[in-house]
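Trainee: Could you take me through the labels used for this structure? I want to see what stands behind each one.

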Amino acid sequence: MLRQLSALLSSLLLAALLALPAGRAAALTPAEAMAIVQGDNDERIAALNAAAAAGDPALAPLVQALLDEEIRFDAQRVYRVQGGGAVDALSGEAVALPDAAEEPRLNNRMRGALQAALAGLNLASPDRALRLAAVDALLRASLDEDQLPLVERALAAETDADLKERLDRLRATIQISADDKALRLQAAATLSASGQPAVASLLQERLAEGAEADPEVRAALESALGAVRERLAWGERLGVLFTGLSLGSILMLAALGLAVTYGLMGVINMAHGELIMIGAYATYVVQNLFRTHLPGLFDFYVLAAIPVAFLASAAVGAVLERGVIRWLYGRPLETLLATWGISLILMQAVRSIFGAQNVAVENPAWLSGGWQVLPNLILPYNRIAIGIFAALVLAGMALLIARTRLGLFVRGVTQNRRMAACVGVHTARVDTYAFALGAGIAGLAGCALSQVGNVGPDLGQAYIVDSFMVVVLGGVGQLAGTVYAGLGLGVLNKLLEGWQGAVLAKIMVLVFIIGFIQKRPQGIFAVKGRSAEA
């Protein structure tokens, strides 16, 4: 089946090439075909490049057949083996395959030359996708001046701006090792306008190997390398900034729930990380249900997992508040110890149900891949989506706290519990609602984290300390402070990682937070009121 498909593709390519202006009217001759399939590799490659440069339409089927190992030859002609018989490789006439027919020798070098020639012939295809694939294949191949006429002809006929730029770079890649000094200088000028990492590597190799002896050309290559590296540096800087903002949005999302339970309610909840973990495992369960029962809608499982993750974590949070924390308000040390013990129980429960190993959560198709902004900068769709999701959760939470009846009750109870009770507010119920809200937001963070990392029983442990740092640095009870602190710490952490490494970056961030809190104990945004410290 594969050989029949290859034969069909070769026939279609032949038809496309015949419809285009060819470099010569004559077809590939038996002598030229024989020179390609037998003899010394250097002579075979030279004959192959000469036929490819002429744009011979009969060459593509022959090359494809060689790559498919369907070619045989003897002293008289070249044969193509098809099914149980054979045909003349050029005319297609059915012939008997002689017993003495030999199989052409194909080593890696010859295969590379054949693949490059086939890609070069595809440059004339009317299909843009095929031309693009051919250019990219040639950019990865090792080419010489013999293939320059083929690229020149394709460049002259190309109308697509993106493909013209790639072909121009391909031509310069060939010219940079040409014997003519003027061509090498022209190649350096062309490549200096590129921002591709492969171009920087090409220029570096050309300079490092000492292949270029001419001082003028070396100076041009060094100038081109500097220009390319400067463009690549901007991609790296923007990549660090995006990675920092992505990490910051994750920290902000993980800390938002803690901003309610700790910032507004004053509860030191060491089980907050496990509430994040529960949200991630809820997403895993929803994924498996969609894969089993609704495979056609699998790409939408994340949309269903969002409310499920919120409700699962909120339910656990409500049980935790009603069963344990309600008896410990105003006793921070006991609350810390109790919630730490609960975190161990939750982790062991997950290990017993799902196993100790990490589970696989798959990205849907619309969250896979990325957006290529620059040649060396690709923004993953899943991280872009998490940033947008974190902003929506933040906006929803701010509206809930500031504009709803529940938000009014939460603010009233946290500011003056006795007065709120005196005016008819059911303070115990409000505590449960508020704690469940914070736990539910932690579940949303777990749902988001499942799309960018491993999901396992220890997932929450990686974010509990960072979440507390974000809340304390931003200012206890201040949502705006949580945003600034989360994004700021994310960017700062990534900048320091590129400078000193991941471990030292964490230490330096912690030292910074300690120093900042020493100078400003209330955090970035201090609580304003009569009881607030100056």
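Trainee: How many salt bridges does a search of the whole structure find?
Mentor: The search finds 19. This is a predicted model, where local features need pLDDT of at least 70 and side-chain atom pairs count only at pLDDT 80 or more, while totals for chains, interfaces and linings use all residues. Residues are numbered from 1 along each chain as its sequence is written, and side-chain values use heavy atoms, with hydrogens and water left out.

Trainee: Why is the contact of Asp136 and Arg166 called a salt bridge?
Mentor: The term asks for a side-chain nitrogen of Lys or Arg within 4 Å of a carboxyl oxygen of Asp or Glu. For Asp136 and Arg166 the N to O distance is 2.7 Å. That is within 4 Å, so the label applies.

Trainee: What makes this pair a link between distant parts of the chain?
Mentor: Asp136 sits in helix 6 (residues 128-140) and Arg166 in helix 8 (residues 161-175), 30 residues apart. A helix here is a DSSP run of H or I with at least four residues; a strand is a run of E with at least two; both are numbered from the N terminus. The pair also belongs to a network of salt bridges that links Arg128, Asp136, Asp160, Asp162 and Arg166.

Trainee: Why is Asp136 called partly exposed?
Mentor: Buried means under 20% relative accessible area, exposed means over 50%, and partly exposed lies in between (1.4 Å probe, protein chains only). Asp136 has 22%, so it falls in between. Arg166 also has 22% and is partly exposed.

Trainee: How do you know that Arg169 and Glu165 form a salt bridge?
Mentor: Their closest N and O atoms are 3.7 Å apart. Arg169 and Glu165 are four residues apart in helix 8, about one helical turn. Arg169 is buried at 9%, whereas Glu165 is partly exposed at 38%.

Trainee: What is the distance in the salt bridge of Arg171 and Asp168?
Mentor: The closest N and O atoms of Arg171 and Asp168 are 2.6 Å apart. These residues are three apart in helix 8, again about one helical turn. Arg171 has 16% and is buried. Asp168 has 24% and is partly exposed.

Trainee: Why does Arg184 count as buried?
Mentor: Arg184 has 11% relative accessibility, so it counts as buried. Arg184 lies in helix 9 (residues 181-191). Beyond residues up to four places away in sequence, Arg184 touches several others, including Gln175, Asp179, Arg206, Glu212 and Asp214. Contact means heavy atoms within 4.5 Å.

Trainee: What makes a set of residues a nonpolar core?
Mentor: The members are buried Ala, Val, Leu, Ile, Met, Phe, Trp, Tyr and Cys residues joined through side-chain atoms within 4.5 Å. The largest core has 74 residues, and Leu253, Tyr281 and Leu489 are among those that touch the most other members. Helix 18 (residues 427-449) gives the most to this core, with 12 residues. Apart from this core lies another, of 28 residues, among them Leu59, Leu66, Ala113 and Ala117.

Trainee: How do you know that strand 5 and strand 6 pair?
Mentor: Two strands pair if DSSP finds at least two bridges between them. Strand 5 (residues 370-374) and strand 6 (residues 377-380) are joined by four bridges, so they pair. They run antiparallel. A hairpin joins them through two residues. Leu374 has Leu377 in strand 6 as its bridge partner.
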